[in-house]
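Please keep the model open while reading.

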Amino acid sequence: MHKTVNEAVEVARRGYELWRGVSGIERGKKLLEVSRLIRSRSEELAQLECRDTNVAISEIRAGHITAAADCFEYFGCLAQTALQGTFMDLPHAGTGQHSFGYTRREPLGVCGGISAWNYPLMLSSWKAAPALACGNTMVLKPSELTPSTTLLLQEIICQAGIPEGVFQTVQGDHEAGAALCRHPGIAKISFTGSVETGRKVAAMCGEMLKPTTMELGGKSPLVIFKDAGLTTAVEATMLANFCNSGQACSNGTRVFVEEGFLEEYLEALLPRVEGIVVGDPFDDATQMGPLVSKAHRTKVATLIKTAMDDPQCQVLTGGVGEGLFVKPTVILSKSDETTVATTEIFGPVLTLHTFKTEEEAVQRANNTPYGLAGGVCSTDIRKAHRVAKDLEAGVTFINSYNICPVELPFGAFKQSGYGKENSAQAIHSYSQVKSVYVEEGIPDSGF
């Protein structure tokens with residue numbers, strides 16, 4: 001059902017009065033039922049997600065739907081202990097009197113979510129599941145480009161026996177998002193989207209000192225040492241760049257390859273990239289579908305053409321395709337400062353760079369305002385851990401990429417955002433701590 005922001009917040013407020021009083025165990029049971037229903041309706045969800053996003057349906061089945069179900073399952077299990085407090089004795093030294101204190105972890109209230117178009121069901125689940133596990137309710141605005149699976153998720157949550165109003169969706173463009181941010185009945189906003197829009201969201205919420213979680217864009221590095229081995233190097237590169245038609249904020253689109261390994265690496269990589277099956281996203285054999293929209297395809301194509309005209313760049317394979325399609329593209333960039341090496345393209349496009357030393361690789365990898373993700377490939381485990389530590393990124397991968405289990409926190413450094421989604425860390429994002437002091441004796445004011 002379509003609702004204005006005001007109507008949705010009011011319904012969510014009434015839902016909160018019911019949901020906050022439900023025990024953690026019972027909330028958990030309901031979330032586990034949501035997970036079961038997502039799995040049982042997975043094909044219906046996959047068809048809708050494919051229609052909206054144009055992502056290959058085989059990838060949606062294996063990734064998008066499974067991730068959403070896993071998320072509700074994880075937070076369903078966590079819900080029974082999510083709101084734990086602490087206890088401490090507080091004796092009065094030398095007086096014989098005694099007091100104690102404890103803390104309560106409590107829900108925030110009605111939370112708002114603004115989700116991106118690239119992983120609509122998964123991102124909606126990442127926001128809704130921990131919020132509901134803590135006893136909050138949520139009003140979520142999906143992208144106007146890809147709203148269908150979030151609407152079906154609302155239906156599934158109601159089907160699971162969760163009271164009406166606990167999870168609401170509102171439809172619309174940036175004006176609906178702004179209304180959600182500025183609404184006094186919204187206690188917190190979780191936003192996924194571009195850095196530019198994230199700044200606007202943070203500013204609007206800042207006017208009311210409203211807490212936010214920001215999961216924004218990136219231009220992440222993947223550092224490949226020559227001791228990594230060809231198989232690991234190539235597989236990590238493919239994972240880092242071509243899932244979801246390259247439309248993922250964490251993608252490792254700046255690939256740094258150690259000198260002396262590039263030629264061998266390219267001999268193995270380029271045939272793999274050229275072998276990606278691009279076509280109808282509803283065809284089970286397709287590995288990569290078209291981009292999400294004409295406007296986005298125009299942006300990506302313009303950046304590829306910029307590289308073609310740049311003497312510092314050499315397009316090794318790929319390029320602009322027909323219609324909404326973009327070919328999987330590999331660009332050798334002689335400089336770290338080319339347009340394609342510094343701009344988040346958000347398509348199946350990577351730039352290659354060479355380096356000589358570990359110190360140089362880390363310095364260049366970190367030379368970006370973004371800090372969402374990063375990766376390193378090496379069989380020298382000490383070096384791999386060292387580089388992972390030194391990368392200025394909230395999520396790092398060793399000998400793999402873009403594997404994001406719900407058990408691990410997902411969030412950024414620098415201008416890629418702040419706050420964490422997933423894992424027990426997300427509980428902190430959707431709850432607040434209250435301190436309670438209890439005097440067992442007679443208080444002495446000292447006056």
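The questions and answers below go through helix pairs, then cysteines, then selected residues.

This is a predicted model, in which local features need pLDDT of at least 70, side-chain atom pairs count only at pLDDT 80 or more, and totals for chains, interfaces and linings use all residues. Residues are numbered from 1 along each chain as its sequence is written, and side-chain values use heavy atoms, with hydrogens and water left out.

Q: How are H4 and H5 oriented to each other?
A: Helices (H or I, at least four residues) and strands (E, at least two) are DSSP runs, numbered from the N terminus. Helix H4 covers residues 57-78 and helix H5 residues 120-133; they pack at about 5°, with axes 9 Å apart. Axes are lines fitted to C-alpha atoms, for helices over the stretch in contact, and angles run from 0 to 180 degrees between N-to-C directions. Angles under 35 degrees count as roughly parallel, over 145 as roughly antiparallel, 65 to 115 as roughly perpendicular and the rest as oblique, so H4 and H5 are roughly parallel.

Q: How many residues of the contact of H4 with H5 are nonpolar?
A: Contact means heavy atoms within 4.5 Å. H4 contributes His64, Ile65, Ala67, Ala68, Cys71, Phe72 and Phe75, while H5 contributes Leu121, Met122, Ser125, Trp126, Ala128, Ala129, Pro130 and Ala133. Ala, Val, Leu, Ile, Met, Phe, Trp, Tyr, Cys and Pro count as nonpolar, Asp, Glu, Lys and Arg as charged, and the others, Gly among them, as polar. The contact has no charged residues, two polar ones, and a nonpolar count of 13.

Q: What is the handedness of the crossing where H2 passes H6?
A: Helix H2 (residues 24-40) and helix H6 (residues 148-159) pack at about 125°, with their axes 9 Å apart. That angle makes H2 oblique to H6. A crossing is left-handed if the near helix is turned anticlockwise from the far one by less than a right angle, and right-handed if clockwise. The crossing of H2 and H6 is right-handed.

Q: Which residues in H6 meet H2?
A: The contact of H2 with H6 holds six nonpolar residues, one polar and no charged. From H2 come Val34, Leu37 and Ile38; from H6 come Leu153, Ile156, Ile157 and Gln159.

Q: How many residues of the contact of H9 with H10 are charged?
A: Helix H9 (residues 230-241) and helix H10 (residues 262-274) pack at about 45°, their axes 10 Å apart. H9 and H10 are therefore oblique. Leu230, Ala233, Val234, Glu235, Thr237 and Met238 in H9 meet Glu264, Tyr265, Ala268, Leu269, Arg272 and Val273 in H10. The contact divides into eight nonpolar, one polar and, as charged residues, three.

Q: Is Cys377 buried or exposed?
A: Buried means under 20% relative accessible area, exposed over 50%, partly exposed in between (1.4 Å probe, protein chains only). The closest cysteine sulfur to that of Cys377 is 14 Å away, in Cys243, too far for a bond. With a relative accessible area of 0%, Cys377 is buried.

Q: Which residues does Val406 touch, beyond four places away in sequence?
A: Val406 sits in the loop between strand E14 (395-398) and strand E15 (417-418). Val406 is buried, at 9% relative accessible area. Its C-alpha is 9.5 Å from that of Phe72, 334 residues apart in sequence. The residues touched are Asp70, Cys71, Tyr74, Phe75, Asn422 and Ser423.

Q: What is the relative accessible area of Asn399?
A: Asn399 lies in the loop between E14 and E15. Although not a glycine, Asn399 has a positive phi of about 60°. Asn399 is partly exposed, with a relative accessible area of 33%.

Q: Is Asn54 buried or exposed?
A: Asn54 is in the loop between helix H3 (42-53) and H4. Asn54 is not a glycine, yet has a positive phi of about 70°. At a relative accessible area of 15%, Asn54 is buried.

Conventions: A disulfide is a pair of cysteine sulfur atoms within 2.5 Å.
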